[in-house]
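This report looks at how the parts of one protein chain meet. The sequence and the structure come next, and the description follows them.

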Amino acid sequence: MFKKFTREDIHSRSNVKSSIQRTLKTKLVNQYPKLEPVIDELIPKKGQVEVIKCEDKIQLYAINGEVLFFQQFDELIPSLKLVHKFPDAYPTVQVDRGAIKFVLSGANIMCPGLTSPGAQLPDAPGFEKDSVVIIKAENKENALAIGRLLMSTEDIKSINKGHGVELIHHLGDPLWNFSIE
C-alpha cells in the first residue's frame with residue numbers, strides 16, 4: 001500500500017475536531033480492545049490530531065507530529081510506530097527467519113513462511129480472512145510489518161500454498177520514513 005508513497009500523494013492536511021477525536025478513540029478501542037487502558041495516552045485530550053488525506057482514499061492520522069494510524073475506507077490500521085509502543089494490543093502472526101528479507105523488501109507472505117518451524121500462527125479459532133495482523137519475525141523483538149490475511153489462519157495451516165498475507169506497511173517503507181515537517 002505504501003510502496004510508492006510520496007509527498008505528492010498528499011491532498012490536504014487539517015486538524016481534527018475533538019468530537020472526531022472521540023469517535024476515533026471509540027473506533028480504535030472497538031477494533032483493538034486491548035488499547036482501551038492506554039487510549040488516553042495514545043490520543044491525549046490536549047494532543048494535536050491531524051488528518052492527512054492522500055491518494056486512494058487513504059487518511060493518515062498524526063498525533064503530536066507522528067503518524068500513528070491510518071485509515072482506508074472504514075478500517076483503522078495502526079502504523080508500526082504505534083505497534084512498537086503497544087505491541088501486545090493486536091492480532092499477531094510470526095514468520096520464520098527465511099521470510100524476513102522478503103517482508104522487508106515489501107513482498108507478500110507465502111503460506112509456508114507462516115507454517116514452517118520458527119513461524120507461529122494462533123491456535124483455533126485463529127483469525128478470519130481479511131483480518132489485519134501484525135507480523136513478527138522469529139527471534140526478533142519488534143514487529144516488522146502489518147498485513148491483511150488473504151485466507152483464514154486455519155486455511156493457511158491446511159492449504160499451505162500460495163500467498164497468506166498481503167503486506168500493507170513494513171519497516172523501511174515510505175510511511176515508516178514519513179515525517180510531518
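Between domain 1 and domain 2 of this predicted model, three residue pairs are in polar contact, with both residues of each pair at pLDDT 80 or more. On the side of domain 1 that touches domain 2, strand 5 (75–78) and helix 3 (80–85) each supply at least two residues. Helix 3 gives the largest share of that side, namely four residues. Sorted by kind, the residues of this side of domain 1 comprise nine that are nonpolar, two that are polar and two that are charged.

Where they meet, 13 residues of domain 1 are in contact with 15 residues of domain 2. The size of an interface is often given as the accessible area lost when the parts come together. Here domain 1 and domain 2 bury about 1200 Å² between them, and 72% of this area lies on carbon and sulfur atoms. Of the area that domain 1 buries against domain 2, Y32, L80 and H84 supply 42%, which is more than any other three residues.

Charged pairs can be considered next. Side chains of opposite charge can pair when their charged atoms come close. The model holds six salt bridges by the rule applied, while the count between domain 1 and domain 2 is one salt bridge. Two pairs that form salt bridges are set out below.

| Salt bridge | N to O distance |
|---|---|
| R148 and E75 | 2.9 Å |
| E66 and K85 | 2.8 Å |

In an unreviewed UniProt entry, the annotation "domain: PUA" covers residues 91–172. In the model, the end C-alpha atoms of residues 91–172 lie 22 Å apart, and this span is 20% helix and 30% strand.

Key
Residues numbered from 1 in each chain as written. Predicted model: local features only at pLDDT ≥ 70, side-chain atom pairs only at ≥ 80, totals over all residues. Heavy atoms only, no water. Contact = heavy atoms within 4.5 Å. Buried area = accessible area lost by both parts, 1.4 Å probe. Salt bridge = Lys/Arg side-chain N within 4 Å of Asp/Glu carboxyl O. Polar contact = N/O pair within 3.5 Å; in protein donor to acceptor, adjacent residues only side chain to side chain. Nonpolar A, V, L, I, M, F, W, Y, C, P; charged D, E, K, R; others polar. UniProt positions renumbered as here; feature names shortened; annotations may be inferred.
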